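Here are my notes after a first pass through the model. Have a look at it yourself before reading on.

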Amino acid sequence: MLLEFIRWTIDPDIISIGPLTFRWYGLLWAIGFIVGYYIILKIYDRDQIPEEQAEKVFLYMLIGTVIGARLGHCFFYGFSYYTAHPIEILKIWEGGLSSHGGACGILIAMWLYSKKVVHKSFIWAMDRIVMPVAICGACIRLGNLMNHEIYGHATDVPWAFEFITNIRFWQAGAEPVFSAPSHPTQIYESLYCIFTFVLTMFLYWRTNARKFEGLLFGIFLELVFVTRFLLEFIKNDQETFEENMVINMGQLLSIPLIIWGIYLLYKSISQMKKSGEYLKLTKE
């Protein structure tokens, strides 16, 4: 007999040692970046790029992701509050990160990296970081699951989750208050990130896709942000100002990236036609 729903009672905190608390969210972020760094080393080794440039791309991405994700949350989802209380922007430990802000931070960081370090085109650099970004995105969404946050609408599907809505009070000893059985959209988003990771890894390592500049980046943009756009229809709004919007902030921010992805794919296909060479498996 299938369960009617899954009651999710995982504690977001792993362990506390004195004033320090180690959380699943932070651990999963770290795992994502460590795995991503290992992948970047392998990719740059294959492309015969010096290892120190791979180390620098990791640093650029880390800084760009964290700063972009924090500023994105503050300005996309809490502009009026954070402009009135700018010192609060620095309190990243209190939560509040935006995936679209992180994407913007990565784009700026990689543009700087391509100009100052690797001396190759910006799109060349983006084609090679989509795999680390995808697996890191999957880890971050699992972190959201551990935090009982960013879940979907109430539903009667057999895999629905009941999330604790009073986490801090529950951790202090209060009885848990559960949400209605809801779509675990954190898992859905983690799955499409994993699919994007597997597909782009296959295309980079087993085909000639890397020869067509923008192809891997374009595929990444379409898989991640089209799926994100569609999933927003079953996700709860993050902020109250979104309640009366036809499409929410996450969808609005996804549209330019979807259009960019279409443009990159069009250019890649045009490049294939012009060269007379198409996507194929390689023996490497």
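This is a predicted model: local features need pLDDT of at least 70, side-chain atom pairs count only at pLDDT 80 or more; totals for chains, interfaces and linings use all residues.

1. Everything below is computed from it, so to speak, as it stands.

2. Salt bridges first. A search of the whole structure turns up 10 of them.

3. Take Glu162 and Arg7, which form a salt bridge with their closest N and O atoms 2.7 Å apart. This one joins distant parts of the chain: Glu162 sits in strand β4 and Arg7 in strand β1 (residues 6-7), 155 residues apart. The two ends differ in cover. Glu162 has a relative accessible area of 8%, so it counts as buried, while Arg7, at 46%, is partly exposed.

4. Next, Arg168 and Asp13, whose side chains meet in a salt bridge at 3.7 Å, N to O. Is Asp13 buried or exposed? Asp13 counts as buried because its relative accessibility is 19%, and the cut-off is under 20%. Arg168 is partly exposed, with a relative accessible area of 45%.

5. Glu189 belongs to helix α7 (residues 185-206) and Arg228 to helix α8 (residues 215-231), so the bridge ties together parts that are 39 residues apart in sequence. Glu189 and Arg228 are both buried. They also belong to a network of salt bridges that links them with Arg141, Glu232 and Lys235.

6. Now the surface. Which residues form the nonpolar patch? They are Ile14, Ile15, Ile17, Leu20, Phe22, Leu27, Ile31 and Val35, with about 670 Å² of accessible area together. The elements giving two or more residues to the patch are β2 (13-17), β3 (20-23) and α1 (24-46). Leu27 is one of the patch residues; it is found in helix α1 and is partly exposed, with a relative accessible area of 36%.

7. Last, a loop residue. Asn166 lies between β4 (161-162) and α6 (167-171). Despite the loop setting, Asn166 is buried, at 13% relative accessible area. What is Asn166 in contact with, leaving aside its neighbours within four places in sequence? The contacts are Glu175, Pro176 and Val177.

How values were computed: Residues are numbered from 1 along each chain as its sequence is written. Side-chain values use heavy atoms; hydrogens and water are left out. Helices (H or I, at least four residues) and strands (E, at least two) are DSSP runs, numbered from the N terminus. Buried means under 20% relative accessible area, exposed over 50%, partly exposed in between (1.4 Å probe, protein chains only). Contact means heavy atoms within 4.5 Å. Patches are made of residues with over 30% relative accessible area and no salt bridge: like charges are joined within 9 Å, nonpolar side chains (Val, Leu, Ile, Met, Phe, Trp, Tyr) within 5 Å. Accessible areas come from the Shrake-Rupley method with a 1.4 Å probe; for residues, only the protein chains shown count as cover. A salt bridge is a side-chain nitrogen of Lys or Arg within 4 Å of a carboxyl oxygen of Asp or Glu.
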